[in-house]
Amino acid sequence: MFSKSKHIKFYLIPFIGIALLCVKCKTKNSRYLPIIGISKFDSVSKDTIYHTIANFSMMDQMGQVVTQDTFKHSIYVANFFFVTCPGICKKMNNELERVQKTFTGYNSVKFVSFTVNPEQDTIQALAEYAKLHDAVPYQWYFLRGEKSKVLDLAIHSYLAETDGYLVHSQNLTLVDMEGRIRGVYSGIVPAEVDNLIKDINLLLKEESENGNKIEMRR
C-alpha cells in the first residue's frame, strides 16, 4: 500500500509536469528574440527602457538624406564597411546580398551599410558599389556621413568594436521596428547568416503579432 505522502507525490507529478510545460510554452512564445544592450527600469512609467539606435542623418548612394526614421516601420540589418576593403568587407556584403535577395520586395525588411571611410567613399563610389552587389534602391542603403558621427553611432548605438578611429566589425546587426538590437551575426560565416535569415522571419512574425503592419511582397 502507498503511504499518504506517497499518494500526494503520485498525484502531484502530472500537475507539476503540466505546469512546467506551460511555463516553457509561455517563455517560448513571449519573445522570439532577445533584446540586446543595457536596459533600465523607469520607476515612473513602470516600464523597462531598452537600448535603442540613436537618430542619425546621412546621405545614401542616391544622394538622398536618410535618418533613423527612414526605418521606422521596418526591421533592418546594419553593418560597417568601406569600398576599397579587399577582404572581410567584400565577403560580408556578398553574404548580405544573399540575405537581401531572400527578402527582395519585402517593404518591411531593409538593409543599411555605413562607410567608415567617407573621405574616399563618395556618393558616386557608393552608387557603383551598390550596383556591384545588386542593391535594391530604397531597400539597401549605403550611407556616408562625418567620420566622427559614424564612429559615435557604431560605438554607442550599434555596440560595434572600434579603436576610436576605425570600426573593426564583421558583424551584421538586426534591429526591430522600435530601434532595438535583436541579434548580432558574423557576416563572414554562412551558417550565421543563415541564422540571420531565420531570425528575420521570426522578428517579422513577432512584429505582426504585436500589431505592426508587415508589408510583404509587392
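This is a predicted model: local features need pLDDT of at least 70, side-chain atom pairs count only at pLDDT 80 or more; totals for chains, interfaces and linings use all residues.
Reading along the sequence, you will find the pattern α-β-β-β-β-β-α-β-α-β-α-β-β-α. The chain has 218 residues, of which 41% count as buried, and among contacts between residues at least 6 apart in sequence, 69% join residues at least 24 apart.

Let me now turn to strand 5. Seven of its seven residues are buried, so strand 5 is largely enclosed by the rest of the structure. In a regular strand the side chains alternate between the two faces of the sheet. Here both faces are covered, with Ile75, Val77, Asn79 and Phe81 buried on one side, and Tyr76, Ala78 and Phe80 buried on the other.

Which strands pair with strand 5? Strand 6 pairs with strand 5 in the parallel sense, over seven bridges, and in this pairing Ile75 stands opposite Val109 of strand 6. Strand 8, residues 171–175, runs antiparallel to strand 5 and is joined to it by three bridges, where Val77 has Leu174 as its bridge partner. Strand 5 and strand 6 also belong, together with helix 2 at residues 88–102, to a right-handed β-α-β unit.

Finally, I would like to look at helix 4, which spans residues 147–157 and in which Lys147, Val150, Leu151, Leu153, Ala154 and Ser157 are buried. After helix 4 comes Leu159, whose phi is positive, near 55°.

Technical notes: Residues are numbered from 1 along each chain as its sequence is written. Side-chain values use heavy atoms; hydrogens and water are left out. Buried means under 20% relative accessible area, exposed over 50%, partly exposed in between (1.4 Å probe, protein chains only). Helices (H or I, at least four residues) and strands (E, at least two) are DSSP runs, numbered from the N terminus. Contact means heavy atoms within 4.5 Å. Two strands pair if DSSP finds at least two bridges between them. A crossover is right-handed if, with the strands pointing away from the viewer, the path from the first strand over the helix to the second runs clockwise.
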